[in-house]
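Welcome! Please take a look at the sequence and the structure below, and keep the 3D view open while you read.

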Amino acid sequence: GFGRVAEPPPVPQGLLRLARRSGQLNLAGRGLTHVPEHVWRINLDTPEEAQQNLSFGAADRWWEQTDLTKLILASNKLQSLSEDVQLLPALTMLDVHDNQLTSLPSALGQLENLQKLDVSHNKLRSLPEELLQLPRLRSLLVQHNELSQLPEGLGQLLSLEELDVSNNQLTAIPTSFALLVNLVRLNLACNQLKELPADLSAMKSLRQLDCTKNYLETVPPKLATMASLEQLYLRKNKLRSLPELPSCKLLKELHAGENQIEILNAENLKQLSSLCVLELRDNKIKAVPEEITVLQKLERLDLANNDISRLPYTLGNLPQLKFLALEGNPLRTIRRDLLQKGTQELLKYLRSKIQDDGPGPNEEPPVTAMTLPSQSKVNIHAITTLKLLEYSDKQAAEIPEAVFDAVGTNPVATVNFSKNQLREIPPRLVELKDSVCDVSLGFNKISSISSELCLLQKLTHLDLRNNFLTALPEEMEALKRLHTINLAYNRFKAFPSVLYHLPALENILLSNNQVGSIDPVQLKGLDKLGTLDLQNNDLLHVPPELGNCENLRSLLLEGNPFRTPRAAVLAKGTAAVLEYLRSRIPS
């Protein structure tokens with residue numbers, strides 16, 4: 001009938017059979033709009049094979065099946081979950097992240113064996129109270145939803161070790177959080193919190209606390225008693241001073257960049273004896289106290305973009321310091337060229353000032369690649385002297401923020417992000433629009449071009465080879481200076497029409513696509529075009545008018561299914577091919 005709702009794609013019997021044996025069922029990314037009923041009933045109904053009276057091998061005796069313990073429904077199109085979830089009481093892990101859920105069934109509260117629940121990246125506005133009845137729940141992931149509050153009794157989840165509520169719209173934290181004494185990781189980032197409850201200090205097991213990007217102006221002094229804390233993220237808040245953390249003897253990382261901190265209190269620093277990473281970039285710090293040398297384990301110190309005018313020379317004596325960022329400060333005592341030589345040279349200079357004893361004449365300058373928080377190597381020297389920003393061959397899914405942060409105010413002409421796993425144009429590329437002219441994004445997984453790229457109006461070279469592109473946006477018409485574009489090894493079925501409107505184009509490389517036709521009249525309008533590479537496409541016909549494009553010095557057409565020009569003509573080179581085509585124009 002026409003009125004019936006389309007059934008979701010069925011779940012293959014083989015998958016269900018396997019699940020009965022292993023206790024695990026993965027239905028991620030199957031386009032499901034709802035979960036078929038036989039999935040919820042997998043441990044109740046006799047399997048179809050049994051009903052068909054087939055002879056069973058020992059391995060297939062369904063009455064010996066395993067109860068389902070893991071169910072993955074991630075990356076589908078589910079808008080709700082059935083209350084039938086209670087028919088799977090043995091579940092220890094339920095993963096429904098990346099769907100379109102607006103609510104959760106109250107029956108979840110009956111899954112008393114559940115240890116991990118991932119409902120992140122949905123559209124949840126609230127969590128059901130029944131969730132608080134899960135005695136064994138160890139991991140609750142609800143980041144990237146639309147929650148404006150959490151259930152007041154969340155502290156009842158006494159077994160919880162990991163809680164991620166980042167990227168929601170929370171303005172407050174329930175006081176019952178204090179009861180979560182087994183919590184190890186708590187992520188509150190990207191919410192609208194103006195304060196933290198002092199009761200958080202009762203979380204004696206907490207090792208990692210992330211409060212990035214909220215509206216915190218202070219940190220409660222009681223937080224200082226969190227003896228297990230190892231990593232504290234307070235970036236992008238409104239803090240005016242460094243928090244006092246006298247009892248956090250294990251604290252290894254303190255990230256407090258992008259706040260409004262003006263003073264580094266010597267007393268506060270003395271309490272942080274285990275610190276390995278201190279990140280204070282983009283604040284308003286005016287001075288660094290001599291006491292910073294008590295941080296004997298410090299490996300990374302980021303003070304970029306502050307108001308520091310002089311440094312204590314004793315900084316050079318920190319034995320473990322491998323990375324020191326100072327760019328963007330009005331330093332009077334240190335020459336700019338020295339800052340650009342990297343951390344080791346800088347430390348050597350500071351030590352020489354204590355001893356007043358310059359470095360020996362034959363000492364090798366150290367490599368200037370600075371290690372950034374993401375463990376990425378960014379060559380600061382390449383940025384400043386070659387105007388090159390490179391992060392290639394890393395197989396990265398995205399370019400770390402630190403790579404762009406490293407640019408500072410330096411003009412960058414060339415960007416090389418090739419040979420990664422990027423699925424989109426990095427949005428922060430637009431920050432380089434005033435200077436960048438050469439961008440390489442080849443050998444990635446990019447399937448569409450975002451408008452950010454079209455804002456790089458100084459672009460002359462663009463390399464997008466070996467991606468998943470099928471089209472180019474018309475907005476690329478703004479790239480009036482573009483003279484070389486490499487689109488080889490993509491998935492174009494048609495010649496991208498926007499290329500006809502880029503008057504500066506000299507080289508169009510489109511080999512190894514599936515282009516079926518070209519417009520010779522529009523191509524003739526590109527009077528600077530010297531190279532047109534269309535090898536290995538699906539051209540069934542070469543229009544004779546292409547012969548009028550007399551500026552072409554290199555026309556490559558091999559590997560297409562057209563009959564004429566024949567291979568013997570192609571072998572004679574571009575001039576001969578153009579002449580042959582002109583001879584075929586109907587007079």
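This report walks through domains, rings, charges, one asparagine and the cysteines.

## Overall layout

Before we start, please keep in mind that this is a predicted model. The protein is split into domain 1, covering 261–353, and domain 2, covering 381–583. If you take the C-alpha centres of domain 1 and domain 2, you will find them 44 Å apart.

## Rings that pair up

How many aromatic pairs does the structure hold? There are two aromatic pairs. In one of them, the ring centres of phenylalanine 404 and phenylalanine 417 are 5.8 Å apart and the ring planes meet at 80 degrees; planes over 60 degrees apart count as edge-to-face, so this pair gets that label. Phenylalanine 404 belongs to helix α8 (residues 401–405), while phenylalanine 417 is in the loop between β17 (414–416) and β18 (438–440), so the pair ties together parts that are 13 residues apart in sequence. Both phenylalanine 404 and phenylalanine 417 are buried.

Phenylalanine 495 and tyrosine 500 also form an aromatic pair, and this one is stacked, with 4.8 Å from centre to centre and 15 degrees between the planes. Are phenylalanine 495 and tyrosine 500 buried or exposed? Both are buried.

## Charges over rings

Now look for arginine 300, which lies over the face of phenylalanine 323, at 4.0 Å from the ring centre. You can find another such arrangement at lysine 419: its charged end sits over the ring of phenylalanine 443, 5.7 Å from the centre of that ring.

## A closer look at asparagine 329

Find asparagine 329 in the loop between β13 (323–325) and α5 (336–339). Its relative accessibility is 12%, and buried means under 20%, so asparagine 329 counts as buried.

What does the side chain of asparagine 329 reach? It reaches the backbone nitrogen of aspartate 307, at 3.4 Å. Setting aside neighbours within four places in sequence, asparagine 329 is in contact with Leu303, Ala304, Asn305, Asn306, Asp307 and Ile308.

## Cysteines without a bond

How many disulfides does the structure hold? The count is zero. Take cysteine 211: the closest cysteine sulfur, in cysteine 190, is 11 Å from its own sulfur, which is too far for a bond because a disulfide needs the two sulfur atoms within 2.5 Å. Cysteine 211 is also buried, at 1% relative accessibility.

For cysteine 248, the closest cysteine sulfur is in cysteine 211, 12 Å away, and that is too far for a bond. Cysteine 248 is buried, with a relative accessible area of 1%.

Key: Residues are numbered from 1 along each chain as its sequence is written. This is a predicted model: local features need pLDDT of at least 70, side-chain atom pairs count only at pLDDT 80 or more; totals for chains, interfaces and linings use all residues. Side-chain values use heavy atoms; hydrogens and water are left out. Domain bounds come from an automatic or database domain assignment. Rings of Phe, Tyr and Trp (its six-membered ring) pair if their centres lie within 6.5 Å; planes under 30 degrees apart count as stacked, over 60 as edge-to-face and the rest as tilted. Helices (H or I, at least four residues) and strands (E, at least two) are DSSP runs, numbered from the N terminus. Buried means under 20% relative accessible area, exposed over 50%, partly exposed in between (1.4 Å probe, protein chains only). A charge sits over a ring if NZ of Lys or CZ of Arg is within 6 Å of the ring centre and within 35 degrees of the ring normal. A polar contact is a pair of N or O atoms within 3.5 Å; within protein, one must be able to donate a hydrogen and the other to accept it, and residues adjacent in sequence count only if both atoms are side-chain atoms. Contact means heavy atoms within 4.5 Å.
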